[in-house]
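Dear colleague,

I am passing on the structure we spoke about, with notes on its sheet, its charged pairs and its nonpolar cores. Please read the notes with the model open beside them.

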Amino acid sequence: HLVSASQDGKLLVWDGLSTNKIHAIPLRSSWVMTCAYSPSGGFVACGGLDNICSVYPLRTRDVPIRVCRELNFHTGYLSCCRFLNEQRIITSSGDMTCLLWDVDAGTKIQEFSDHNGDVMSVSISPVDKNLFVSGACDAVAKLWDIRLGKCVQTFAGHESDINAVSFFPNGNAFATGSDDASCRLFDLRADRELMQYSMDSIMCGITSVAFSASGRFLFAGYDDFNCNAWDTLRGECVYQLPAHDNRVSCLGVSSDGMALCTGSWDSLLKIWA
């Protein structure tokens with residue numbers, strides 16, 4: 001199953017194999033910018049220009065499904081939300097902060113503020129749920145430790161806004177995608193940039209990044225309507241998916257690593273396997 005959100009005002013949960021819609025959830029605000037699935041599949045969340053992270057239960061008899069929690073503390077738009085577990089979610093915002101929430105109580109647990117620009121994306125470590133990385137319009141990425149409640153590493157190198165971040169499968173590195181037309185790989189243990197993924201022919205920004213299950217390939221969605229697959233080790237573009245008729249706004253790899261889904265401003269989701 002996968003979840004998608006659109007400015008048609010609906011949050012849709014799909015069966016990726018049959019392409020049937022399983023749930024269609026009407027949103028209070030159609031200006032949605034992000035959505036996320038909880039690890040067990042019991043909840044979905046979304047948010048956007050309403051500054052609110054809205055959480056919806058999927059295991060309910062209500063039709064249509066109604067919001068169960070509205071997490072309201074950010075003073076800027078909601079750019080990204082990611083579940084730690086069924087009870088905790090992390091959000092990032094145009095107010096330059098990230099927040100950790102208690103979903104059950106609907107309350108803020110912790111605030112993370114060290115960026116000097118809109119925070120555009122967060123990614124939670126696949127091996128240690130106490131760590132997450134954020135990318136922002138100040139062109140830096142930061143690693144945060146929830147136990148300490150603060151930034152523990154800062155990674156510079158990009159020359160423009162960072163729009164997307166994604167952890168490497170082993171949790172020791174992460175990738176970023178930026179408006180400077182490059183993706184980069186940063187290593188936590190080396191505390192430095194390891195690789196840059198760019199070509200002279202690519203002049204546009206990157207909106208989204210995700211690794212294959214093994215980490216060998218880095219998928220990136222671009223403003224020029226394409227999705228590129230990069231060889232993580234060699235730094236070469238190994239193939240290009242002429243994916244859509246408008247900018248690729250999001251992408252994700254299935255948990256089993258068998259498929260890639262791209263979403264676009266052309267209003268289509270496409271699954272590549």
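An open sheet of 4 strands runs in the order β20-β21-β22-β23 with antiparallel pairing, where strands are DSSP runs of E with at least two residues, numbered from the N terminus, and two strands pair if DSSP finds at least two bridges between them. Because β20 (206–211) and β23 (237–241) stand at the edges with a single partner strand each, one side of each is left without a neighbour in the sheet. Neighbouring strands of this sheet are turned by 20° against each other on average, direction ignored, the axes being lines fitted to C-alpha atoms, with angles between N-to-C directions that run from 0 to 180 degrees. Strand β22 (residues 227–231) pairs with β23 in the antiparallel sense over 4 bridges, and A229 stands opposite Y239 in β23.

This is a predicted model, in which local features need pLDDT of at least 70 and side-chain atom pairs count only at pLDDT 80 or more, whereas totals for chains, interfaces and linings use all residues. Residues are numbered from 1 along each chain as its sequence is written, and side-chain values use heavy atoms, with hydrogens and water left out.

Turning to charge, the count comes to 13 salt bridges, each being a side-chain nitrogen of Lys or Arg within 4 Å of a carboxyl oxygen of Asp or Glu. R184 meets D180 in a salt bridge (3.5 Å, N to O), and both R184 and D180 are buried, that is, under 20% relative accessible area, with exposed meaning over 50% and partly exposed in between (1.4 Å probe, protein chains only). Salt bridges that share partners join R216, D231, R234 and E236 into one network.

As for the nonpolar cores (sets of buried Ala, Val, Leu, Ile, Met, Phe, Trp, Tyr and Cys residues joined through side-chain atoms within 4.5 Å), the largest has 17 residues, and those with the most contacts inside it are C183, V209, L218, A220, Y222 and W230. The elements that give two or more residues to this core are β17 (173–178), β18 (183–187), β20 and β21 (217–222). A second, separate core of 14 residues includes F112, V122, I146 and C151.

With best regards
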